Amino acid sequence: MNTFLQLVVNGLGKGAVFALLALGFVIIFKATEVVNFAHGSLVLFGGYLVVVTRESLGWAGASLVGIISAGLLALLLERFLLSRSRHADANSLALLTIGVDVIITEEIVRRLGVTLPFLGDAWDAQPFQIGGITLFRTHLVALLVAAVLITAFTVAFKYSNWGVAMRAQAENREAAALMGIRSSRVTATAWVVAGVLAGVAVLFIATQDFSGAGLSRGTHSIALAAFPAAILGGLDSTAGAVVGGLVVGLVEALSAQYVSFDFSKSAVFLVMLVVLVVRPSGLFGTRESTRV
């Protein structure tokens with residue numbers, strides 16, 4: 001029983017990080033109807049800036065630089081690439097993000113070389129026990145940080161002018177424009193928010209507790225595992241992104257323990273496929289994910 005409780009808590013901690021990344025996918029999709037496959041490179045970029053500035057700024061300062069830089073890179077991608085291709089269809093823009101992702105990822109991996117730096121200095125590799133259950137500080141901090149950020153986003157999404165504008169644009173872009181909503185501003189903000197979330201997530205991914213490996217190409221692969229979470233919850237549902245992320249974290253943790261580690265990676269996609277067969281729009285979505 002203790003093992004099961006430990007797996008659930010740690011699985012929820014991992015799921016919280018996947019939820020942050022899935023939320024980034026969903027925010028961009030709601031604002032632009034584009035699936036951003038460059039999300040993994042935003043994660044790597046934020047992590048890389050932490051690595052190169054940590055010695056001079058300290059861990060906290062470097063982390064802040066990495067988070068802000070990931071948001072700014074997302075803004076640059078939107079402003080100088082996607083906004084200039086606004087007349088292209090969503091599928092073409094999605095392919096464009098794949099190309100951007102390859103370029104950024106390969107350059108960062110080249111710069112990292114053989115080094116695999118860990119980033120979670122403040123919480124990594126500090127397990128503790130409660131009632132015979134071993135818990136990892138990284139997962140608990142991830143849960144707390146994700147809860148704060150997701151709550152803040154939910155409040156802003158429901159009550160701020162940007163949130164109202166984004167919901168209106170997601171519902172009907174043409175009608176929103178006629179009402180005076182500036183689509184470019186809504187879209188740019190959505191990309192910045194997604195980039196910031198990616199910058200936060202990498203601080204937990206590149207740790208011994210989460211992945212067992214430092215910042216590397218594997219970090220990029222883990223970040224893209226959040227895409228099934230977004231699909232599972234519904235690509236146009238922010239609540240679905242959170243639930244999908246938690247489900248992915250739990251499925252990975254439980255299947256790795258009770259089946260095998262290798263199967264745990266496939267189990268996530270198996271659950272996603274089952275959900276899509278039953279409900280093509282995802283658990284909370286309103287549009288079919290299979291059309292993307």
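**Notebook: looking around a predicted model**

I began with Gln 169 and found that its place is in helix H5, which runs over residues 161–171; helices here are DSSP runs of H or I with at least four residues, strands are runs of E with at least two, and both are numbered from the N terminus. I noted that this is a predicted model, in which local features need pLDDT of at least 70 and side-chain atom pairs count only at pLDDT 80 or more, while totals for chains, interfaces and linings use all residues. Residues are numbered from 1 along each chain as its sequence is written, and side-chain values use heavy atoms, with hydrogens and water left out.

**Entry on Gln 169**

I looked up its accessibility next: Gln 169 counts as buried because its relative accessibility is 4%, where buried means under 20% relative accessible area, exposed over 50%, and partly exposed in between, with a 1.4 Å probe and protein chains only. Leaving aside neighbours within four places in sequence, I listed its contacts (heavy atoms within 4.5 Å) as Ala 31, Ala 176, Ser 183, Val 186 and Thr 187. A polar atom of the Gln 169 side chain lies 2.7 Å from the backbone oxygen of Ala 31.

**Entry on Gly 131**

I then turned to Gly 131, which sits in the loop between strand E1 (128–130) and strand E2 (133–135). Gly 131 counts as exposed because its relative accessibility is 69%. Its C-alpha atom is separated by 25 Å from that of Phe 204, which is 73 residues away along the chain.

**Entry on the core**

I looked up the largest nonpolar core, which has 77 residues, and those with the most contacts inside it are Leu 21, Leu 77 and Leu 215. The largest share of this core, 14 residues, comes from helix H1 (residues 2–32). A nonpolar core is a set of buried Ala, Val, Leu, Ile, Met, Phe, Trp, Tyr and Cys residues joined through side-chain atoms within 4.5 Å. Not counting residues up to four places away in sequence, I found that Leu 77 touches Ala 38, Leu 42, Leu 82, Val 100, Ile 104 and Trp 191.

**Entry on helix H9**

I ended at helix H9 (residues 226–233), which is mostly covered, with seven of its eight residues buried. Among those buried residues are Pro 228, Ile 231 and Leu 232, and what covers the buried residues includes H1, helix H8 (217–224), helix H10 (238–258) and helix H11 (261–278). Just after H9, I noted that Gly 234 takes a positive phi of about 120 degrees.

Note on methods. Polar contact = N/O pair within 3.5 Å; in protein donor to acceptor, adjacent residues only side chain to side chain.
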